[in-house]
Amino acid sequence: MMSQIPHDTPATLLLIDDHPLLRRGVAQLLELEDDLQLVGETGHPEEGIRLAVTLEPDLILLDLNMPHVDGLETLRRLRENGFSGRVVMFTVSDHEEDVVAALRTGADGYLLKDMEPEDMVRQLRQAALGRMVISESLTALLAEALRNQRSTPAAPDIHSLTQREREILQQLAAGLSNKLIARKLDITEGTVKVHVKHLLKKLNLRSRVEAAVWAVQSGITH
């Protein structure tokens, strides 16, 4: 069973977005929540990277479209600087190429700015717990993108996987991180990473997101 965040130890968030009014709105929204704490906010990606290294927040909410340094480049630099927390893209763009590019770059989620405040808080809680979060309106778009990419290469074959790889694939489909999968299956996080690498190669898929979408579309969730 997945543990919940205790109210006395709220999940910490850092917001990187170049719109001051939006930052203020998010800050006011999170002030109402006991289990989510905004520990920093900035409109400048470079400052955001410095704050991430200094504050080590559990989760970063990152704007995709910013001048000079966009969200994808910021995400790359965050990882290069050793930030290992969750990073969720927060944007107005529902374009397929933006969603796919963000997830391939290593984002742990993709949320649209027009979502209802209560939905956003719910998704942030899930992200802080280690789950991948994607705005519901984008799931069909992701599935279609995956189908289009599968038109020429060999189709994934579930029968090529070992029993353990199937178990891990099911957990990927549920949106669990490597750490949570390791805890649930009572194995090390390193072992999970090796299994994920192997199952992606066997299935001819390029990312854990593609694997999760394929598993859900194929009904391999039980």
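Me: At what angle do the axes of helix H1 and helix H5 cross?
Reply: The model is a predicted one. In it, the axes of H1 (residues 20-31) and H5 (residues 117-128) come within 11 Å. Angles of 65 to 115 degrees count as roughly perpendicular, so H1 is roughly perpendicular to H5. The crossing angle is roughly 70 degrees.

Me: Which residues of H5 make the contact with H1?
Reply: By class, this contact has seven nonpolar, no polar and no charged residues. H1 contributes Val-26, Leu-29 and Leu-30. From H5 come Pro-117, Met-120, Val-121 and Leu-124.

Me: Is H2 roughly parallel or roughly perpendicular to H3?
Reply: Helix H2 (residues 45-55) packs against helix H3 (residues 71-80) with the axes 10 Å apart and an angle of about 30 degrees. Angles under 35 degrees count as roughly parallel. Therefore H2 is, relative to H3, roughly parallel.

Me: How many charged residues does the contact of H2 with H3 have?
Reply: H2 supplies Pro-45, Glu-46, Ile-49 and Ala-52, and H3 supplies Thr-74, Arg-77 and Leu-78. Four residues of this contact are nonpolar and one is polar. The number of charged residues is two.

Me: How many residues has the largest nonpolar core?
Reply: Those with the most contacts inside this core are Ile-60, Leu-62, Leu-78, Val-87, Met-89 and Tyr-110. Among the elements that give two or more residues to the core are H2, H3, strand E4 (86-91) and helix H10 (208-218). The size of the core is 24 residues.

Conventions:
Residues numbered from 1 in each chain as written. Predicted model: local features only at pLDDT ≥ 70, side-chain atom pairs only at ≥ 80, totals over all residues. Heavy atoms only, no water. Axes fitted to C-alpha atoms, helices over the stretch in contact; angles between N-to-C directions. Helix = DSSP H or I, 4+ residues; strand = E, 2+ residues; numbered from the N terminus. Parallel < 35°, antiparallel > 145°, perpendicular 65-115°, else oblique. Contact = heavy atoms within 4.5 Å. Nonpolar A, V, L, I, M, F, W, Y, C, P; charged D, E, K, R; others polar. Core = buried A, V, L, I, M, F, W, Y, C linked by side-chain atoms within 4.5 Å. Buried < 20%, exposed > 50% of the residue type's maximum accessible area, 1.4 Å probe, protein only.
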